[in-house]
Amino acid sequence: MNDDYCKMLSLTEGAPADAEELLASMLSIRLFEDEVVSLFAKNLVRGSTHLCQGQEAITVGIAGALVPGDTMTCTYRGHGATLAHGSAPARAFAEILGRSGGLSHGRGGSMHFTDMANGILGSNGIVGAHLPITVGAALSASHLGTGAVSVAYFGDGASNIGAFHESLNLASVWKLPAIFVLENNQYGEYSAQAVTTPIRRLADRAAAYGMPGVFVDGNDVVTMREIGREAVARARAGEGPTLIEADTYRHSGHSRSDPGAYRPKEEVALWLGRDPITRLEQAILRNNPEASVNIEAIRQRVQKEINEARDLALSWPEPPVEQRFEDIYA
Amino acid sequence: MSKTVATLNYRQVISKAIAAAMREDSRVIFFGEDVAAAGGAFKSTPGLLEEFGPKRVRDTPISEQAIVGTALGSAITGLRPIAEIMFADFAGVCFDQIVNQVAKYRYLSAGQVTVPLVIRMSNGAGSGFGAQHSQPAENWFLNVPGLKIVTPGTVEDLYGLMLSAVRDDNPVLFFEHKNLFSLKGSIPIGEAAEIPLGKAAIVRTGKDATIVANQQMRHYAAEAAVILASKGIEVTVIDPRTLVPFDDEAVLKSLQETSRLVVVQEAPPSGSWGASLISRVVTENMELLDAPPALVAAEETPVPYAAAMEEEWLPSVDDIVTTVEKLINY
């Protein structure tokens, strides 16, 4: 592993008491995304999808540091974030399938998940566009005194777009309770970070905005949660935003049409060896070699839940076409 | 009941309207570049910081994407922001936030959120600001469903439409014409003077032709009407005041009597509200017309700087008079 993460890997010290719950959450995302691949293969999904297998520890870890009332925005690679923050898998499947039971009744699709009941303000189809929206949610929290924090997940590519600069600058100068979680999966769409970005550590950019920048092993769910808790405490205390760079890897290509062939085989193999789910399982087994039975039971239970969610979503009808005229204006 | 009125100019009434909206609802906040301590680049927002304090009236960095995105994020989480984009031309800097984010947020969430925000912008030509500070930018947004577009042309309308815009649960683009800043008018003191969005003003009535014009052109049309009256031609002048929603009914009702339509706009014809209005009337109500409708518009060039060139670029009172006479003699 890289030896310059901000903290030693806490997973190497053993699994936490609730490790099996964290495992179930990550598995739920993994198996959801795997199922999206097969729905796509069956021609049941329109347009494109952007999957997050390999990045599950980041959103599960951060979500574990939050409480109801906190809000979140994310990118079009946002199925995992949405599930981690509490959306029902059936409603997420249904949105991707364009069914009436979808989070947005099929009007949004894979890139547009909104679930206000869970504080999910929306995944976004435009790189970086949700960052200022996150700042706005943090402004509301600050102005209304709700104590809520506002989290944005975004990629390494988004750190090169103007909205990133404007958002971090404004959030910091107004000391807003925002947390910027940069999921560095090493590629901005098809291009490696080194091709597009002159620095290696994107967390260093925080210095330009007068906020802490933390570089962290994004494939370690326990560390992610710990770092998340520190940023949440800082935000709730009125001390302003934090930039967290979570090092991770996208197991698949950018989108449905991208096999990711531009990635060296050795690199892919290296990162598959750092799979966040495998690592948590290994930590659980180090604590308790007998736990393999539990792990298998969790896998089977989550697979069953995902299958049932998929079947439920497929049982829902397509939305009535008249609904396309709804909710353009209040 | 005595009706007390205050005589003010268009520039002064901007801060009066914002203040009235802020007094009636503590969720209304106001921010933009130089709007607080400096009282606005056009000195149209003095006194607001002093009355409402630095939490509700905020100076922002020069960050149009962050301004609009922050307004959006706060609007979907409990506030009712008024954001200022100094010159309407700068909407180009935050086009994504207005077009892809603000306009679509409610739709993509299938009605889970409302977006009660107002974006104020100084609009239009005639003051010698050159091509990047003079555009009538309202037309850029006409084919983006989800936005309301307001273009007040008088002191009374600016005040009353601002109250409506802030009370509205939809995003409103509010264009203030900077060449009307010294225009005088009266507003009622201590009583509501709301003017509903989507309701045109009948500036003058006459049986021979209908002129539809907004903002600066409304005043040109009124001047033309006086000249035409001296020649025995009586025209109706209608100021739509809001472009979305548009008061087609007022225009059609007038055409039933006049049968002749002249639309005057301060923008080139292509992709404009005037061209759209004429298209609707011709395709849906051709039987009302005794002559082809005319569009008196600016030229299809950037707004030139030199005084004589800019005057040529703008439609003139003469152009309006000549066009009406041509239709009368058709």
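Let me begin at a single residue, Gly145(A), which sits just after H5(A) and takes a positive phi of about 65°. Before I go further, please keep in mind that what we are looking at is a predicted model.

Helix H5 of chain A runs over residues 130-144, which makes 15 residues, and from its first C-alpha to its last it reaches 21 Å, close to the 21 Å expected at 1.5 Å a residue. How many of the residues of H5(A) are buried? The count is 14 of the 15, and so the helix is largely enclosed by the rest of the structure; buried here requires 20 or more other C-beta atoms within 10 Å of the residue's own.

Stepping back to the whole of chain A, we find 11 helices and 8 strands. The radius of gyration of this chain is 19 Å, close to the 20 Å that the globule rule gives for 330 residues, so chain A is as compact as a globular protein of that length. Its C-alpha trace spans about 55 × 50 × 40 Å along the principal axes, and 57% of the 330 residues of the chain count as buried. As for how the chain contacts itself, if we take the contacts in chain A with a separation of 6 or more, 76% of them are accounted for by residues 24 or more positions apart.

Now let me turn to chain B, which is divided into domain 1, covering 5-188, and domain 2, covering 201-328. The C-alpha centres of these two domains of chain B lie 26 Å apart, and 24 residues of domain 1 are in contact with 24 residues of domain 2. On the domain 1 side, the elements that give two or more residues are strand E6 (148-150) and helix H6 (155-167) of chain B, with E6(B) giving the most, at 3 residues. By class, that side of domain 1 has 10 nonpolar, 11 polar and 3 charged residues.

Finally, we come to the contact between the chains, which takes 34 residues from chain B and 34 residues from chain A. Which elements of chain B give two or more residues to the side that touches chain A? They are helix H3 (64-75), helix H4 (95-102) and helix H5 (105-108) of chain B, and among these H3(B) gives the most, with 8 residues. The residues on this side of chain B divide into 12 nonpolar, 18 polar and 4 charged.

Conventions. Residues numbered from 1 in each chain as written. Chains lettered and ligands numbered in written order. Predicted model: local features only at pLDDT ≥ 70, side-chain atom pairs only at ≥ 80, totals over all residues. Helix = DSSP H or I, 4+ residues; strand = E, 2+ residues; numbered from the N terminus. Rg over C-alpha atoms; globule rule 2.2 N^0.38 Å. Buried ≥ 20, exposed ≤ 12 C-beta atoms within 10 Å, placed from the backbone. Contact = placed C-beta atoms within 7 Å. Expected span 1.5 Å × (residues − 1). Domains from an automatic or database assignment. Nonpolar A, V, L, I, M, F, W, Y, C, P; charged D, E, K, R; others polar.
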